[in-house]
Structure formats: structure tokens, C-alpha cells
Amino acid sequence: MTKLSPEIVSRVKEEADITEVVGHYLTLKRSGRNWKALCPFHNEKTPSFTVTPDKGIFHCFGCGIGGDAISFLMKIENTSFPEAVAKLAESMGLTITYTREESREAHLRRRMLQINSLATSFCQRCLGDEEKGKPGRAFLESRRLAPETIKTFLLVYCPTGYGLRDYLRREGFRDEEIKSAGLNFNGRVTFPILNLSGECIGFGARSIDNREPKYLNTGETPVFQKGGILYGLNLARRAVQEKKRLLLVEGYLDLIKVYQAGFPNVAATLGTALTPRQAGYIHRFTDRVLLLYDGDQAGRKAALRNLEVMLDEELEPEVALLPEDADPDSFLDRFGSEALDKLLKEAVNPLLFKLRELSGGRRPGNGQEKTAIAREVMTLLLASPSPLKRSEYLSSLAEELGLPETDLRAEFQHIQRRQNRFRPAGTPAEPATLDAQELKKGIIQAEQIIL
């Protein structure tokens, strides 16, 4: 790990303005000598997140999280202590110093960020060049992207052989550094990937001439891990906190078109399966996620797979059902933003989505068919550790299938017992799901204890 000198750590702790640091991420409102905001680390409707400037600390009275400016930055950015201190030091104009034996890693990260920043600026100039940028501009215009949108997302283009490597060499970077950065987007329209601080940590590049592969992403680097970042979240986070919901799509253009259509609370998984790390990242801003994936078979399979990850991380997912021949990009081109808004309002919970997938969109017929399909659908609930969410989902499934809710709950308990019976030794057993009467009794007892 990178280790900063004790002197720089001490100065950052003493001099960092916590109100300024927190205010970069949250909307603060004065409350006497303190400031308040909605907590970014759990879902709430009434602000319980408090910043106390004279003590240099923050504390949430809802979830109990607290600390100083450094710990806030570590949690909100999902970064290490040295990285948080270094970022604050840079913003404060302090010269960053490291212990001699561990300065190489920090140096490499800093050089990688510098390369990415310079490459983005260089390729922006290429896109704006009247002749050399013409293919890139033509592609972006064909996808109905407004100039303001192109600017917002820093979209770039670099013609093959136009000298990016030579430019970076002239700026003092060695060939091995340039190669490590993975700048593999010559002749492609490219999407810079920014972290929450607005630093370019990697790139996604799309072919515009039917060249394969269609998309290329930066490989793993000291600043970029594909499974640990969500594209566009740096722009979406405030809207996510305000709307208390994240729209999740799969690709770059899907995200950009949804954002341009007036839905700023959107992020993308870079075309890959959602990871637990990304799901935990979402949890900082909201518990509610609406999947807006392609309507084809691959998109529906991806939605089912990612629902399990989100349920396991105690998120509250829903799925918007796109037509089979549409993705968010093409749907907006054909039907517009009002149609998308209507589609989002008709989103379904995970069990109803899986039910429709298994039944082909039709209602199951006889009781035997309903029972069989209910058993298959309920296996999805095994991913959820929340008894309350399980209860809610089971109620909706019972209503949809026209089955007695008590019977459905009993059947789910049977599924749980079977899973626990075949669970490898040493792994924790699934807790039993309460039936409606037991659940009601337990809630009343808990309320009495709290009172």
C-alpha cells in the first residue's frame, strides 16, 4: 500500500474544511452552527446527516456513521486512506510527500491519471478538427447526440495514426507507461470513464466502421478496475439522491441517450454483469434500482442474473420491460422520452419479472402449472437476506398467480429447508421465513420494545 509521510497526514487532518469536502458531494443546509443533509450511506427522507465545522466531523444519527473529512472521502469514494489524504492534500494546494520505500505505487497512479487526462484533451481536439474529426462527428450525429451532450460526457475521437503516442512521448511519458494505460481507441469514438471526483480513470471505445470487437475497454490498471466502477455515476449521483432511485443500463450509448432524454439518475455497468462491489457502490446513494436492459433474450438473462446480486446486497430492484427488439437507445429514438417515462412507471418487482420470463408473458393456467412455476420463481428469493422484502414479494406473487398467500409462504419455507439440507457443512443456514401472522406479531413486539 501507498504510505504518505506523517507530516502531510497531520496537516490534512488539521486544515481540511469538512464543510467544503462534504458539500462537494451533498446538498448541505444550515442548521444553527451545523449543516444537515440526506445521508448518502443509507436511504432516508428526513435529513439526519450532520456536519459540525468547528469540530471538523460529520455524523449520521440514522445509520451511526461518522468521522472526519478523510473518513468521509474514503467512504463516499470507496478509496483507501492514503488515496483520500492525497486527494485532499492536492485540493488544498499542499505538496504531497511519501515515505521513500512505498512511493512507487502512488507515483504510478498519478502518472496514469495524467496520461488519461492528456489523452482526453488531445482526442477532444481531434474530434473538433474539421477534417480529421469528421468520421467521429458523423457517427455521434447519426446517434442523435446533441453537442451539449457530447461536451457533458467528454466524448472524443482519434483517427488512426494521428499521433497520440507521439504527443504523450513529447509530454514526457515513457512507452511502457503509455502501454500500461491501455489507450487502444484509435479510429474509434471513445467514452472517458470518470470516477466520482471527475478524474478520468479509463476509457471505453466503440467501433464506427463495423470493426470487431464492437467495444474495447481499458484493461485493469492501477486506477481502473472494470468491476468496481459505474459509468456516469459521477454525473448521476445528485439526481439519484434527489429521486431516491438509480436507473441502471448496460452500455455507454444507452446511458447517454437516457440522460439526454431527461433522466439524469442513470448509470451503466460497462456492458458486464453487475458485481457485488458495484452493488455496494450503489448502496451509498440509494436502495432502489430500476434495471433498464435490452429487451432481447441476452438482456433479459442479464437482468435475472443481476437481480440475484442486488437482492443479496439488500437493494430493492425493479425491472422495466422493453420490447424484444429494442434497447434504451433505439426505444428513445422510436418512441421518445414520454414513452420511456410510462415504461419506467410500469416496472415490476424481481419475482413478477421472473414469472413473466418463465411463463412467456402469459398467465399460468391450471393449479398444477401455477404451483410449478411458483416454485421456480421463489428460488430467486433465496438471494434476499431480508425477511420483510421476502414477505412483500411473496404477497405480490400470490396476488399475481391467484394462489393463497399462506400456501405460498409454506411452500417457500419448504424450499428453504431443502436448500439448508444440501448446504455444505460450515455455511450458515437460511433463516426461516415468518408467515403473515408471525410477522405481524414480531413487528408489534419490536415496536413495544422500542417504545
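In strand 9, Asn-217 is the bridge partner of Gly-204. This pairing belongs to a predicted model. Strand 8 (residues 200-207) and strand 9 run antiparallel and are joined by three bridges. Both strands are part of an open sheet of four strands, with the order 6-7-8-9 and antiparallel pairing. Strand 6 (156-157) and strand 9 (215-217) stand at the edges. Each has a single partner strand, so one side of each is left without a neighbour in the sheet.

Two helices pack on this sheet. Helix 6 (residues 134-142) touches strand 6, strand 7 (188-194) and strand 8. The direction of helix 6 makes about 75° with that of strand 7. Helix 11 (residues 252-260) touches strand 7, strand 8 and strand 9. For helix 11, the angle to the direction of strand 7 is also about 75°.

A further pairing involves strand 12 (residues 288-291) and strand 13. These strands pair in the parallel sense over four bridges. Within this pairing, Leu-290 has Glu-318 of strand 13 as its bridge partner. Together with helix 13 (residues 297-312), the two strands make a right-handed β-α-β unit.

The side chains of strand 13 (residues 316-319) alternate. Pro-317 and Val-319 point to one face and are buried.

The largest nonpolar core has 134 residues. Phe-49, Phe-72, Leu-164, Leu-183 and Tyr-231 have the most contacts inside this core. Helix 5 (residues 103-128) supplies the largest share, eight residues.

Technical notes: Residues numbered from 1 in each chain as written. Predicted model: local features only at pLDDT ≥ 70, side-chain atom pairs only at ≥ 80, totals over all residues. Heavy atoms only, no water. Core = buried A, V, L, I, M, F, W, Y, C linked by side-chain atoms within 4.5 Å. Buried < 20%, exposed > 50% of the residue type's maximum accessible area, 1.4 Å probe, protein only. Pairing = 2+ DSSP bridges. Right-handed = clockwise from strand over helix to strand, strands pointing away. Contact = heavy atoms within 4.5 Å. Axes fitted to C-alpha atoms, helices over the stretch in contact; angles between N-to-C directions.
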